[in-house]
Amino acid sequence: MGTFRIEGGHQLHGEITPQGAKNEALQILCAVLLTPERVTINNIPDIVDVNKLISLLEDLGVKIQKKGKGSFTFKADDVNLDYLQSDQFKKDGRGLRGSIMLVGPLLARFGKGYIPKPGGDKIGRRRLDTHFEGLIKLGAKFRYNKEELFYGVEAKKLKGIYMLLDEASVTGTANILMAAVLAEGETTIYNAACEPYLQQLCKMLNRMGAKITGVGSNLLKIEGVEKLGGTEHTMLPDMIEIGSWIGLAAMTKSELTIKNVSWDNLGQIPTVFRKLGITLERKGDDIYIPAHKDGYEIQNYIDGSILTIADAPWPGLTPDLLSIILVMATQAKGEILVHQKMFESRLFFVDKLIDMGAKIILCDPHRATIIGHDFKSTLKATTMVSPDIRAGISLLIAALSAKGVSTIHNIEQIDRGYENIDERLRAIGAKIVRV
């Protein structure tokens, strides 16, 4: 189990460039299975979860060549479907939540897709019903081995249909979409997720020859085609990492420039941080954050009541940033209610912040009230264990703001989502070492 040792309480300074979007990468990489032609993908983040998926594709027989940093070509012209039934696949696929999105492309192109029940973060229940119900509506037969926790879908030919999703699942929409592009006839997906990751997937598929309309809305129409061709695609910067660096700058009173953020794809993120009193300046496609020497003050509602920040499907605030906002609020002037609606275990890391001296009331698994210190007292250094990716980065930000030396164990969780994070933080002045 890896460990970070962090000497906190230092101001940082400089520029930091966000990696490619992890959540987009997991979708885009699965889509290479839809064509036997070469697909080139750029700005792929060098992180554990993405590298695991690339290894899975290679084991499936996809030919992969590295062109440069973050740039690879993929050619799925000789896919080994027998691997899907192997013990190795049942083991490797189980360790990665994103592996579920292999099913749609495999089903569409080869008539069958299998996956072990995937793992991932311990953030609460994340059911797979939306994925499989959508594929069943397209004509697939579903089977499930309870003993091995192994799912399968099979179909000779998928046929387009209208469907109303019971939840706007990002990965569920992506899986159904990738199956529908090669289905016969028209598929309509209502209550589709419309996150920028999914918009990127739609744009890539259309360049490959798919016929998808309604991109960016919750109503997608897909006219099935017989085959798809190759293309080149570049990932967006990771909006969760961008939000993480905003939180880091605020908590450490640091002057930072976040480079190449793709402002037009950030949605409400800048607005939400401004509600917490953070000054953000747009400079071209960069975010400039001045040093908040006098702290930052949370806005109340116009009637004076306490501000509530809650997650919601896009264009609402992504749930991945609520833990960052919660940590930032511990040093803000004012109070806030953080409402995590979409997952029931993501706030359970607050006990570690309370140990550091934060004033937090955990109301229930979904809600926490935070009373900010206004930097009148700093968080105390401590020893912690990272429970998942997003809680892990939040605890790291807390440690960088705290006086003294903190230790964070189980940093493999942080590595799953953030590329070379200790090196990048040291480059802007952080005192962090990997033990």
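This is a predicted model: local features need pLDDT of at least 70, side-chain atom pairs count only at pLDDT 80 or more; totals for chains, interfaces and linings use all residues.
Which residues are buried in H1? You'll find Lys-22, Glu-24, Ala-25, Leu-26, Gln-27, Ile-28, Leu-29, Cys-30 and Ala-31 buried, meaning under 20% relative accessible area with a 1.4 Å probe, protein chains only.

Residues are numbered from 1 along each chain as its sequence is written, and side-chain values use heavy atoms, leaving out hydrogens and water.

Next, pick Leu-326. Setting aside residues up to four places away in sequence, Leu-326 touches (heavy atoms within 4.5 Å) Val-338, Leu-347, Phe-349, Val-350, Leu-353, Ile-360, Ala-368 and Ile-370. Leu-326 is also among the residues with the most contacts inside the largest nonpolar core, which has 77 residues; such a core is a set of buried Ala, Val, Leu, Ile, Met, Phe, Trp, Tyr and Cys residues joined through side-chain atoms within 4.5 Å. A second, separate core of 75 residues includes Ala-25, Val-39, Ala-108 and Ala-179.

Now show the open four-stranded sheet, ordered E9-E10-E12-E11 with mixed pairing (two strands pair if DSSP finds at least two bridges between them). E9 (162-164) and E11 (211-213) sit at the edges with a single partner strand each, so one side of each lacks a neighbour in the sheet. Zoom in on E11 and E12 (residues 219-223): they run antiparallel, joined by three bridges, and Ile-212 has Ile-222 as its bridge partner.

Technical notes: Buried means under 20% relative accessible area, exposed over 50%, partly exposed in between (1.4 Å probe, protein chains only). Helices (H or I, at least four residues) and strands (E, at least two) are DSSP runs, numbered from the N terminus.
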